[in-house]
Amino acid sequence: MDYEIVIGLEVHCQLLTETKIFCGCSTNFGNPPNENTCPVCTGMPGALPVLNRKVVDFAVRAGLATNCDITQSSIFARKNYFYPDLPKGYQISQFELPVCVGGYLDIEVEGEQKRIGITRIHMEEDAGKLVHPEHEYGVSFVDYNRACVPLIEIVSEPDMRGAAEAVAYLKAMRNIMVYLEVCDGNMEEGSFRCDANISLRRWGAPEFGTRAELKNMNSFRNVQRAIEYEVERQRDILDGGGSVVQETRLWNVDRGISISMRGKEDAHDYRYFPDPDLLPIVIEDAWIDEVRENLPELPVARHQRFVADYGIPVVDADVLTADHNVADYFEAVVKLYAQPKAIANWIMVELMKFLNDDKISITKCPVTPQGLAELLGLIEDGTISGKIGKQVFAQMYSSADNDPRQIVENQGLAQMSDTGELISMVDEVLAASPDKVKEYQGGKTKMLGFFVGQIMKKSKGQANPQMVNELIKERIG
Amino acid sequence: MELYNDTLENLSQRLAKGEISALELTQSVLKRIAEVDGKIGSYITVDTEGALAQATAADIRLKSGENVTPLTGIPLGLKDLISTAGLQTTCASKMLVGYRPEYDATVVRRLREAGAVITGKLNMDEFAMGSSTENSALKKTCNPWNTGRVPGGSSGGSTAAVAAATAIATLGSDTGGSIRQPASFCGVVGMKPTYGRVSRYGLIAFASSLDQIGPVALTVADAALLLGVIAGHDERDSTSVNIPGANYYDNLKKDIKGLKIGVSQEYFSAGLDPEVETLVRKACGQLADVGALINEDVSLPHTDYAVAAYYLLATAEASSNLARYDGVKYGFRSDDADGLVDMYRKTRAQGFGDEVKRRIMLGTYALSSGYYDAYYRKAQQVRTLITRDFDKVFGDCDVIVAPVCPTPAFAFGEKIADPLAMYLSDILTIPVNLAGLPAISVPCGFTKSGLPVGLQIIAKPFAEETLLRVAWQYEQLAGWSGRRPELEKGAV
């Protein structure tokens, strides 16, 4: 039987605020357990939450960037459940009246544009973390450093029709949140994470099928694999005449399968109700306008601008704008050296190869935009050849030396542009192959390449190929 | 006269003039506690050492004459749900025995900054749930006017302490009448400020949208002095309101000629004890005698629905507020639990008393999926209607006068077996909390059997100045405030 796949995603972004959502504690990652805590974020009796305004700024920023309406008077609600990492026995979140509603995101899958609806974005606090010591049986510890760290949850409409669309949506969303500097987008550390609701229905069926919720997918690759696995699992059930059970399933990366975590009957009744400790968040137009004015350029706009203003191919713009740090780097070089296409090539081919090998971000690249611009200048003005340029780049990268001119000078890598020296070299090569000179003069112009090659070899690559060309033509042309 | 018997107002002047020292006064109160509290049971924790140290510090301040406030050197007791750094705060629950907060509630910080002396922590119904203090898991508090009677609740320890002079004044908290009803039962002044007037930071929550800390004192002037220190905006409490400070004490003596007083028939309906009714009506007459205009034709038509709405909203909030007592971080943890879920179950089953568990279950039910609209949301709508009732009346009136409680103090055991009867004793105080209004209970006489009765005065939001002025004027006319019960000395 043929089915339509229906996917909706819930994306959680940990916000890059300096302090927590309801208290002044630091959000810094990696401090000793329970160092970033106070009576508020550990839920001590009598302590009360006070909203960090920055969190609302970030949520509105995310909402505007995803075409949402901003709720004028939005409210926090308590989501009640018991777990030791949840200090108050409830999580402060939003339920009715979330901060943003009704947006969309345009994605591109296999050349096709598609619009994915965004139901809502809401603000909430994160929980703490349980620590299970390896050698102590029956004992667990709780670290509340992460408790009360701000999150936004972005809930999509069930608009995606396959794993590829889900991944494209997720990548686009991550890219936007990173561009907005709302979230660092780190999936492995969990600061950008997603749950997927997946169901199948017969083609043309008006109603959705029963869905399963998938959790614990900490990379794009895992999202793809987990969804594909889930689709097959449900297809097998339906083809076998069975029915899918509504449940929450955990993706197991090592085994490449998902396992049921809890069924519908064990689903929590969260007993949401408005948190009486917090007032409605009134977001006036002036506030929205202020956030809007300060929105950075988003990936799609930047992509269009790169193509239009720098004249680089669409595929190049795809690569360069996929990470706003790469785009920033590119533009920093362009400012110093106005040859966008050459820069794009260097970044995409040379620089990225090194970065990928070392698995580091471009923000940690040892070659600075200034260094790269200077290197490209040396190639353009003929001081070195492109080939030598790559060699110099490798040195710059490995030694974090951003003075390519000095490197070229110290190692004598400059091209031979001294006419006298080149002339004698050309004469030597021509004299050594009189037959080939004749062939050339007889109309076999391809022989020119042979002579150039010989001279480059003789000069160990340092001869200026253009000058060599001209000199040969002058001699035997 | 023994120092402990004097009013806060007088003591404050005597301290400032150097006639007495804070240490003498504190010692006097501590001696009084030692002498009579065995019989009354107002305190859960007496902080003798801390109180003496604070008194000594207050004396230095008084001597220097710098930073002297009306509370400098005044011994005050606190209801045991107001957090005090390092000093056990139990909410009268087994769940929090031994719990020492790591921080001071904002009101405590303000009292300390004013130089007050904190004598200790006072008994209450467990987590403020009750109307007789019989729900305390830790001890029994008796009504100083008749030790066979309850002091009222939930701030029964706070009002009994003032009546028995085991503190000069105290702080209580009022969620549905928990200051006013016991103040009426114990013949003292008890005031619930407007919701948002006093910071709730550090007040261990029962029902967050209703809870409010307020003063309990021998006289209206004493209450005004205490309110002046604890009130005011606090950035740690989002629901605290930033309205510039009023001068509650200095404006007490302005006359009330022409002031419009509403009397609502709904507050004098069936079930009201005839003696209580007589005393309250007499009080209305006295207010008219000094020029207030009494309007007996005002109506608060949704009053009948208040108790039902309250017991849905307050319990819903409580079910969530009390979720944190799970045995994980502090307080009681059952020691015979096997695994996490069992720890939760046993800790909460053993740590909470029956009334607390009853309310957690009620509230959990009211918020449950499928019931939310019928209970919680409906109750919120009723709350809006009740608030509108008051708004309408306050269009024509400055204050409303009513009884505090349908009856005077009842006997131990009389209502504890019948929760509904107990809930109904808050019928005249609950609407005020639902509407967030300020209200006060002032003594208005005694029944034939010698039990005190309180007069309730209710004002517009943030009209505490008017409220206290009417109460003060009445107090001067009636002269019931400041009376002391005869107490046999000697610990039981």
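A: Two strands count as paired if DSSP finds at least two bridges between them; strands (E, at least two residues) and helices (H or I, at least four) are DSSP runs numbered from the N terminus. The model is predicted, so local features need pLDDT of at least 70 and side-chain atom pairs count only at pLDDT 80 or more, while totals for chains, interfaces and linings use all residues. Residues are numbered from 1 along each chain as its sequence is written, chains are lettered from A in the order in which they are written, and side-chain values use heavy atoms, with hydrogens and water left out.

In chain B, strand β5 (residues 189–192) and strand β6 (residues 212–217) pair in the antiparallel sense over two bridges, and B:Gly190 stands opposite B:Val216 in β6(B). Helix α15 (residues 464–478) of chain B packs on the sheet and touches β5, β9 (399–403), β10 (439–446) and β11 (452–459) of chain B. Contact means heavy atoms within 4.5 Å. The direction of α15 makes about 10 degrees with that of β10(B); axes are lines fitted to C-alpha atoms, for helices over the stretch in contact, and angles run from 0 to 180 degrees between N-to-C directions.

The sheet in chain A is open, with three strands in the order β5-β4-β15 and antiparallel pairing. Its edge strands are β5 (90–93) and β15 (273–274) of chain A, each pairing on one side only. Strand β4 (residues 77–80) of chain A is joined to β5(A) by four bridges, with A:Ala77 opposite A:Ser93. Across β4, β5 and β15 of chain A lies helix α9 (residues 306–321) of chain B, at about 60 degrees to β4(A).

Two salt bridges (a side-chain nitrogen of Lys or Arg within 4 Å of a carboxyl oxygen of Asp or Glu) are found across the interface. A:Asp277 forms a salt bridge with B:Arg200, with the closest N and O atoms 3.1 Å apart.
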